[in-house]
Structures are given as structure tokens and as C-alpha cells.
Amino acid sequence: MHQNLIVFDGECVLCSGFFRFMMRHDRAGQFAFATAQSPLGQRLYCDLGLPSDDFETNLVIFDGRPHQRLDAFAAAMRALPWPWPALSVCRFLPQRLKDAFYFSIARNRYRLFGRRDTCMIPSPEVRDRFALGGYGG
């Protein structure tokens, strides 16, 4: 498996926006990607004891270590070039505050940002950044 991986809800407009942001700013290609609906995404959610049908968190696996919720966002930002690592300071907030903030957005993301009926269909160049088994579902 790829050492650095971002697993995101391919039907969520906000989550897909995070994926597009990372594609644009991860010019070094440090991360591979997978949708939560893919075979790889489903396996990772199950392995971490997370629901495999309600994706309230993106997963960021960085240096082989899984991160969830706001800590996932912080790990991804730390890996990008300046100025993005500055956003990773959120990792120092108390866990209760981080979780409350994250879940208030996650639980309302479809209502606030919308939902696609199906996962996005990436171009061949974008598809090359997906991990093996990381697309489809």
C-alpha cells in the first residue's frame, strides 16, 4: 500500500473539494488517493473500525500512520509547501474542541455543500494518482 494516502467520500462535494485542493497543491505527488466507496477505502474504514457506509471522516495516512477528522486535515497540510503547513496548528487544539468542530461540519456537509449521485469520474492523469483499488465502488 502507498505510504501516504488520502481516502475521501467521493459523493461529498466538500470532500471532493479537499481532494481537488490536495491534487493542485501536492505538486511533489506525495499522496495517492482513494474514494471511501472503493474496495481499498472500504477495507481501510473496516480495519479502523469505522462505518463503511457513512463517511463522517476523511482518512489521511501519512508515513504509514492513519489520521482522522481534523488531525487528518492537519497531517495533509503539514505535507504541503508553505503557506499550507500553517493551517496544521489546529492539531494542537483540545481533542473535544476539534471533534465538536469537525463533526458539526461533517454531519451537515451534504446539506451545506451538496452531494453527488455518483462518485466523480477522474481524467486519466488524475486517475494515475489513485492507489490500486482506490477507485470505484
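Predicted model: local features only at pLDDT ≥ 70, side-chain atom pairs only at ≥ 80, totals over all residues.

Trainee: Okay, what's the phi of R69?

Mentor: Near 55 degrees, which is a positive value in a residue other than glycine.

Trainee: And how exposed is R69?

Mentor: Partly exposed, since its relative accessible area is 22% and the buried class stops under 20%.

Trainee: Where does D63 sit, and what's its phi?

Mentor: D63 is in the loop between β3 and β4. Its phi is also positive, near 55 degrees, and D63 isn't a glycine either. With a relative accessibility of 52%, D63 counts as exposed, because the exposed class begins over 50%.

Trainee: Let's switch to the sheet. What's the strand order?

Mentor: It's an open sheet of 4 strands, running β2-β1-β3-β4, with mixed pairing. β2 (32-35) and β4 (65-68) are the edge strands, each pairing on one side only. On average, neighbouring strands are turned by 20 degrees against each other, direction ignored.

Trainee: In what sense does β1 pair with β2?

Mentor: Parallel, over 4 bridges. If you want a pair to click on, F8 has T35 as its bridge partner in β2.

Trainee: And β1 with β3?

Mentor: Those two pair in the antiparallel sense, over 3 bridges. There, V7 has L59 in β3 as its bridge partner.

Trainee: Which helices pack on the sheet?

Mentor: Helix α2, residues 39-47, packs on it and touches β1, β2 and β3. The direction of α2 makes about 90 degrees with that of β1. Helix α3 packs on the sheet too, touching β1, β3 and β4, and its direction makes about 120 degrees with that of β4.

Trainee: What about the faces of β1, covered or open?

Mentor: Both are covered: L5 and V7 are buried on one side, I6 and F8 on the other. β2 is also covered on both faces, with A32 and A34 buried on one side and F33 and T35 on the other.

Trainee: So what's in the largest nonpolar core?

Mentor: That core has 20 residues, and the ones touching the most other members are I6, M22, F31, F33, V60, A76 and M77. The elements giving two or more residues to it are β1 (5-8), α1 (13-25), β3 (59-62) and α3 (69-79). α1 gives the most, with 6 residues.

Trainee: Pick one of those for me. What does V60 contact?

Mentor: Leaving aside neighbours within four places in sequence, V60 is in contact with L5, I6, F31, R65, P66, H67, A72, A75 and A76. There's also a second, separate core of 13 residues, including L44, Y45, L50 and A131.

Trainee: Changing topic: how does the length of α4 check out?

Mentor: It agrees with expectation. α4 covers residues 95-106, so its 12 residues at 1.5 Å each should span 16 Å, and the end C-alpha atoms are 16 Å apart.

Trainee: Got it. Which residues of α4 are buried?

Mentor: K98, D99, Y102, F103 and A106. Looking down the axis of α4, they fall within an arc of 115 degrees, so they line one face of the helix. Those buried residues pack against α3 and α5 (109-113).

Trainee: Which residues does the cis peptide bond join?

Mentor: W82 and P83, with omega about 15 degrees. P83 has its place in the loop between α3 and α4.

Terms used
Residues numbered from 1 in each chain as written. Heavy atoms only, no water. Core = buried A, V, L, I, M, F, W, Y, C linked by side-chain atoms within 4.5 Å. Buried < 20%, exposed > 50% of the residue type's maximum accessible area, 1.4 Å probe, protein only. Contact = heavy atoms within 4.5 Å. Pairing = 2+ DSSP bridges. Axes fitted to C-alpha atoms, helices over the stretch in contact; angles between N-to-C directions. Expected span 1.5 Å × (residues − 1). Arc of directions from axis to C-beta.
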